[in-house]
Amino acid sequence: MKFVFATHNEGKFKEASFILSEYGIKIEQKPIKGTEIQAEDIIYVVKHAAKNIRPGKDVAVIVDDAGLYIDALNGFPGAFSSYVQKTIGNKGILKLMKNEKKRSAHFDAAVALRTYDKLWVFTGRVNGTITGQERGFLGFGYDPIFIPEGESRTFAQMKLEEKCKISHRALALGRLATMVRNIGLIRQTIY
Ligand code: IMP
């Protein structure tokens, strides 16, 4: 089976390659049109995107969507993380959080696996806090302002291998990979 990871995002692809290689799954990167829609629920986003793909019998396509949810901002930017990152960016988020004592937040990831005749969705979450200022240059997106629980460094201060041990994407893709290896042995969502 050939695994294709549908994204334009180089950072996501690098992480997914690393995470899935630990399970013996090799992926190819392919930006597939229609896989990056915006909606309020990331599970809906990946499900909808994956439903519109029709891979051949020897191909499985993975679609990934993620969001950062900040408690003090009632879950903002959430499903709008992509737009917010492109517009106000990390500096804009830090401005909104200025003088805010409650710093808790989480990242959610949803990944869909689409084969010729099936579709599965898996999720992963990592809790953490929002920093006062940007820290670190690694990773991508909101990594410089997010410290995962139990850590003192931001995701952007961690090597790829370190982030990929604990991230929302690692959890979701780990579940997907386990299912791929042991179909029927773990809980799965079939739509
Ligand atoms: P997407 O819709 O899944 O591509 O991501 C929404 C936004 O969240 C984009 O701006 C990404 O850069 C950002 N994002 C997604 N995953 C991560 C992550 O693991 N770390 C930091 N930012 C992320």
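**Walking through the fold**

Mentor: Gladly! This is a predicted model, and among its contacts with a separation of 6 or more, 60% join residues 24 or more positions apart.

Trainee: In what order do the elements of the protein chain run from the N terminus on?

Mentor: Start by counting: the protein chain has six helices and seven strands. Reading them off from the N terminus, the order is β-α-β-α-β-β-α-α-β-β-β-α-α.

Trainee: What radius of gyration does the protein chain have, and what does the globule rule give?

Mentor: The C-alpha atoms fill a box of roughly 55 × 30 × 30 Å along the principal axes. For 191 residues, the chain is as compact as a globular protein of that length, because its radius of gyration is close to what the globule rule gives: 16 Å against 16 Å.

Trainee: Which element supplies the largest share of the largest nonpolar core?

Mentor: That core has 22 residues, and I27, I62, L113 and L173 touch the most other members. Elements that each supply at least two of its residues are β1 (2-6), α1 (10-21), β3 (59-70), β5 (104-114), β6 (119-130) and α6 (168-181). The largest share is six residues, and it comes from α6.

Trainee: Which residues does L173 touch, leaving aside those up to four places away in sequence?

Mentor: L173 is one of the core residues that touch the most other members, and I62 is another of that group. Beyond four places in sequence, the residues touched by L173 are A16, I19, L20, I62 and V111.

Trainee: Now to helix α4 (residues 89-96): against which elements do its buried residues pack?

Mentor: First pick out the buried positions, those under 20% relative accessible area: in α4 they are G89, N90, G92, I93 and L94. These buried residues pack against β3, β4 (77-78), α3 (81-87) and β6.

Trainee: With which side chain does the side chain of E134 make a polar contact?

Mentor: Look at its neighbours beyond four places in sequence: E134 touches N90, K91, L94, P144 and I145. One of these provides the polar partner at 2.7 Å, and that is the side chain of K91.

How values were computed. Residues numbered from 1 in each chain as written. Predicted model: local features only at pLDDT ≥ 70, side-chain atom pairs only at ≥ 80, totals over all residues. Heavy atoms only, no water. Core = buried A, V, L, I, M, F, W, Y, C linked by side-chain atoms within 4.5 Å. Buried < 20%, exposed > 50% of the residue type's maximum accessible area, 1.4 Å probe, protein only. Helix = DSSP H or I, 4+ residues; strand = E, 2+ residues; numbered from the N terminus. Contact = heavy atoms within 4.5 Å. Polar contact = N/O pair within 3.5 Å; in protein donor to acceptor, adjacent residues only side chain to side chain. Rg over C-alpha atoms; globule rule 2.2 N^0.38 Å.
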